[in-house]
Amino acid sequence: MITAEYSFDLPVPPETAFALVSDPEQDPVWQAACVESRLLNGPAREGCRYEITFALVGKRMTFTVEIDSYEPGRVSKFHVLDGPFTYYGTYAYSAGPAGTTVDWTFDVEPGDYFGIMPKSLLRKVLVNSVKKDSAKLAEKLRQEAGSRS
Amino acid sequence: MNDTAPGATGSPATAPPRLNAQQAGLWFIHEADPGCAAYHIVFGAEVTVDAESDAASRAGRVLDDLMREHDALRIAFRPGPDGPVQWVHDSVPVDVRGTDARDLDPATLRARVRTDSRVPFDLSRPPLWRLHLYRTAERTWVFTAVVHHAAADFWSLALLISEVRSRLAGETGPFALDGTAFAAYAEEQHDFLGSDRARALLDREAERLADVPPGLDLYGDRPRPPAPSYDGGSTPFTVPAEVTEAVRQLARDTATTPYMVLLAAYFVLLSRLSGQSDVLVGTPTSGRLQRRMRDAIGNFVNTVVVRGEVDEESTYRQLLGSVRARVLEATRAQELPFPWLVRELAPPRDPSRTPLYQAGFAWDRLPFLTDMDEFFLLEPGPDAGLTVAGAALRPYPLPQQEGQTDLWIEMGAERAGAYAGVLRHNTDIYTADTAREIAATFVTTLETLVGRPDEPLRDLARGDARQLAGLAEWGTGPERELPAARLPDLVRDSARRTPDAIAVAADGTEWDYARLLAETERVAAALRAAGVAAGDRVAVLAERGAPLVAALLGVLEADAAYVPLDPGLPAERLSYMATDSRARLLLTQTHLRTSWPTSLPTLHLDDLEAGTEGTTPPARTDPPDTTVPVPAFTAGTAAPVTGESGLGGGGADSGGRQVPADSPDLAYILYTSGSTGRPKGVAIPHRALVNLLLALREETGFGASDSLLAVTTVSFDIAGLELFMPLVAGGRVLVCDSATAADGAALAARIEDSGVTWMQATPTSWRMLRDAGWTGAARLNVLCGGEELPLDLAEFLTAGTASVRNVYGPTETTIWSSAGPVDPAAGVDIGAPVANTRLHVLDPQGRAVEPTFPGELWIGGDGLAVGYWDRPELTAERFVTGLPAAPGERLYRTGDRARWTADGRLLHHGRLDHQVKLRGYRIELAEVETVVKAVDGVSTAVVVVRDDRLVCYLVPEPGAEPKPADVRAAAAVSLPQYMVPSIVVVLDELPLTANKKIDRNRLPEPAVTSDAVFEKPRDATEITLARMWTEILGIPEVGVHDDFFDVGGHSLLAVRLSAAIRDEWDVDIPISELLRHGTVAELATIVRRGGQDTPRGPIVTLREGGPGQRPLFLFHPFGGTVFCYVELTRHLPEGRAVLAVEAPGIENEGEAEISVEAMAARYLEHIREIQPHGPYALGGWCFGGVIAYEAAGQLRAAGEQVDLLFGIDSRAPIEENIPESSDDATILSWFARDLAVPYGKTLDIPAELLRELGGEAAFDHILREAAALGVLAEDADRAQILRYFEAYLANGIALQTYLPEPNDLDYLLLRAVDEPAGYGPQLGWDALVKGALRVVDVAGDHNSVMYPPHAAVAAQAISPHLGASDDHS
């Protein structure tokens, strides 16, 4: 099992941040590795299922995921029902002086899906993806805020 | 005082005229050393102008006119694609400078003028001549004209002076100055050099100058620097009028010229100064062979090389005949410009010397301006002067053109019927005192030769009585009366005075004098009980320690002589010494007994009571001991020297000891290297040993409170001083164990811990200490001897210790014969003779040699050995009585070349024969050759010393293929380690001289060969180790499986390697470990193991840089390793350090970065520790060029400058260049491919196959395939290769996710032109680079561009951009 963690700030209130990050339909918008996402049983909520496809380190992988927890502005959790390997994810939100701090946690059991790639490297790949994606998202939100003011 | 200098700017130039080869040669010298003033032609005069005279303003107009009229005065040079290009500028103002010098005293003014005349020209800025007026009084000026020789020669300057005079006088000048002929001359020369005639002349020159000696070995006062500085001095001299007349007369008698007579005398002088018979002298010719060139302005002078052969058996008249012919031969080729000749002949070059000749002789005599002769003398007469247009001119002589060669004599001028000349010397090697002595000696030599032209040269004195006068005083040591007591008696005296004082300390054991005396007497008693009697020899084989000292003294106490045996020597050599000395008994220690089986009866120091073991001591069957003191012979008649001459007589000594009348009274027999392949024993009497000990005690002032750290093996005679001098003085000797003595760091610690006040060692050992980081010890007094003391080491030692004495002496004259304090500022000499010792520098006829000339050093006095043990012929050859310089004295012939300086210092200039001193050991090269020739499969062999290493060149027997390692192993069976060649080179044949002798000068540079399969370094640790090896061993490259000792390493270089490893990784590798694990690969393993606790940074030093030079940083390519840059670095210009940044994941698991931004940020942290601020130079191959781009962007954002940013076939990180997404199998396939690239091999493993195999199996498949292909070792470290792959994969991920914004940076792109993959002409960089994007095409494809031969091309493309570098500190 690999545990990847990362915290990032978004210049918006927790509720807005939650709506952008925890809604699976938004994943292709802000995650570079996410190719597509499709809700399978209605809007995002606890018990919602969705199908999501990633392209990462040369592999294209599709998962069916279920949302385990969905508390707008506070936390969302999800896990894989079906896919090449299993993962569990959490986004936790807390208000801060700059907007919202998002704590991302990702537990992955990749098996031998990534071949000889060391787990330490996979962890870095995952963290780096979130790091870059969240930085871009934050910048985009800052620019939008700037253009409104 | 105001200085003014007009700007010298040229207007746009007209078409460039060709320049001649002499000009080009001078331009190249100037390019190599832009500060060089050795080619400035200078004229000086003092001018007083009448009040009403308008000479000054008219002179200015004349000069303006001349400048305008003559192209030759407006030329300059610029670098072009094929060498320098000459330009004539349309309009150039005259460069006239002014200085108000009315407040300067004459000496200060002269110094100022001299300094100004040496201010270098910028050859690209006309005019290349200038005038300077120094106002010294209201109407008086000192005036100088300075011309760079590349623009004009002395003849041209004289033409201009003549022309100026005529125009000022309102007259038409005698010459029609031609300021354009120089261009036609160059064209004609160019055409001529392509002609058959020039080729024929060249062929003749090649034949005439074949096999010239590599250089003129002038023995200087200072060690010759690696590159000449062109700094010099001048000494004027005068040949007396009667000698001048004799020269003229001899010229007439021999149908020669005064020039030839003088040149012949110069040949004799140079031959005697150098000891060479084959002497080359450069002599200038005017180059104005055609009449129309007589009035031309420019530089036409050419130098020809006259090759003289001086045979001391011939007469001067005979030599003159030969010189005449040789001058004519040389002059025939005067149309061949010297720089061109050197290029065509390509003689072996020594960068420390000028090519072909190092001494010059010029005969300059102007056929015009005869009323100004005195103006061209360095010492003009007091009344010299003339008036021109109302201005009174007086000579103002200035030295010039100094330092072009080691020595240069210029003559041709004459005053009052006497030739006047000047000797110019290079101050790199000569002091002014010596130059004056040489100038005086030239005059003396000339006087002698012209006075006695029909006597053999060898019978003619080199100097005069004045020069001989000081020799006797300088060469005689203090006379002291020697006591009759022997060494044990002297030690007994000390024991009586201070029985409780510590005498010997070793290994935690301390013996006071009482104990030492008791042990000595115990040993002596045991020896006597064993049957040892006076005159017997006793072999002593013992570990270093107090018992060894007692053993040696005990043997002496028993009236026997000891034969010291070092347990570390090969058994064969030990046996030989014991047998040859006819030792009666072996005195040893129980634990050493088994290491050397011998039939000698043995007495164990640690069990003396047990008595002798083995056979009963043989009955004394030696020939009587009178076989030892062999006769010595005078040069002509044999005159036996009895043993008594070395004994001081037989009979009863002062202690009542009965010495057999026929006993040689020997103290010891010490074996040294011998030319027959066997060492030879030197028999030293008690008196000599006592004399040395008392003399050195007096010289050093060693007292009872002093202590000495003894570090020298007992088989080296100087150990005697270390072990015994402290005991004679009542002081303390600390016996250092062998392992500590051989390990610089350990020895430094011992010096510090022990608090000793004295230590004696060879320069090699002192250097070993320095290399190990020792900085000196304030209380330590140093004795340094056994080999040449280098100046830098002398400076180091004198700076860090209480005192330093250089000591000199051969074994045959008992340890040291001279000693003296070292003053590095005065240079290094070998000191003055010690008490009761006389030093003589003699010529081959046994006559004293005058100061400045080299000769052979002979030694007489109480230190002389009895002779060589059992070698009467050799003794007779080396110990001689009756030489002309000291008819009644027995002298030992050292074989060392020495020279007295003019002020009485004795300088040592190496060996005269093939005996060498290496790391303090005396080695007969012939002995090593004999041993190597005896090895199976070796036909012949020659051994030389190169860079402090013994190098053996051998020719195999037909059909044999001896391996160097086997030859070394075979030699080591019978030779001590220090005599085993470090490098063995196998040749098809040895180079021979014309006389069919082995030409040692033409032996090739030793190309180190190893029997190991060559494999390049594979990681940063191995790269760093390989770099250390190449730097320490001075070889271009090493493979990771080469053994340090097979490729030229030896124990002292191992010390340096150990120190370098400690500095780099803080890992201590003892020398013993280096001996066992001597390959780069093995050492890397030890380093990695030892360095685990201190993970190192990602910066790998590929090459050290000069002080103050900013480094070039190279980022790793795809994969993270940096060994790809090794070849590139070899071809980048020297000076700047080359530091490579490898991926951290290469060395440490889990460290790989997967974003370019993070990589760059992390790498910059390390880079800025080395270079905190810009400008930075960054670059890399492949992915390295991408990291460099990101790093440059980050530096720029931080406000830093980047002055060089380059990528070698790096594809820009843009969407279009990102390869299609690739999984781990694909990247693994690429990884396999790239493993093979450095080896020029191909390893294609389809990704599909790897995908199918999956994970570990796929990886293992790659390892097997790579091993089968020979690009990985069978036992390659899997974990290490896996780390490589992790870094590779991380790089791949990083590259796929890096899409930077354009940046305002300049970028130099080296594009591999043979790369088939198309990424556009600028590889996409035009989308990112907002600054200047320069694209340079280089040979090779994407991979081969970094490996031979293409890496050199890439380096060449980068080199111009590395430019000047300033200090970043």
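What you have open is a predicted model, in which local features need pLDDT of at least 70 and side-chain atom pairs count only at pLDDT 80 or more, while totals for chains, interfaces and linings use all residues. Residues are numbered from 1 along each chain as its sequence is written, with chains lettered from A and ligands numbered from 1 in the order in which they are written.

Start at the contact: 21 residues come from chain B and 16 residues from chain A (in contact means C-beta atoms, placed from the backbone, within 7 Å). On the chain B side, select helix 35 (1224-1236), helix 37 (1255-1269) and helix 38 (1278-1296), the elements that give two or more residues (helices are DSSP runs of H or I, at least four residues, and strands are runs of E, at least two, numbered from the N terminus).

Next, pick strand 10 (residues 302-309) of chain B. Seven of its eight residues are buried, so the strand is largely enclosed by the rest of the structure (buried: 20 or more other C-beta atoms within 10 Å of the residue's own, C-beta atoms being placed from the backbone). Zoom in on B:Thr283 and its bridge partner B:Val304.

Last stop: the open sheet of chain B with strand order 41-42-43 and mixed pairing (strands pair if DSSP finds at least two bridges between them). Strand 41 (938-946) and strand 43 (983-986) of chain B stand at the edges with a single partner strand each, so one side of each has no neighbour in the sheet. To finish, show B:Arg946 with its bridge partner B:Arg949 in strand 42 of chain B.

Note on methods
Two residues are in contact if their C-beta atoms, placed from the backbone, lie within 7 Å. A residue is buried if 20 or more other C-beta atoms lie within 10 Å of its own, exposed if 12 or fewer, and partly exposed in between; C-beta atoms are placed from the backbone.
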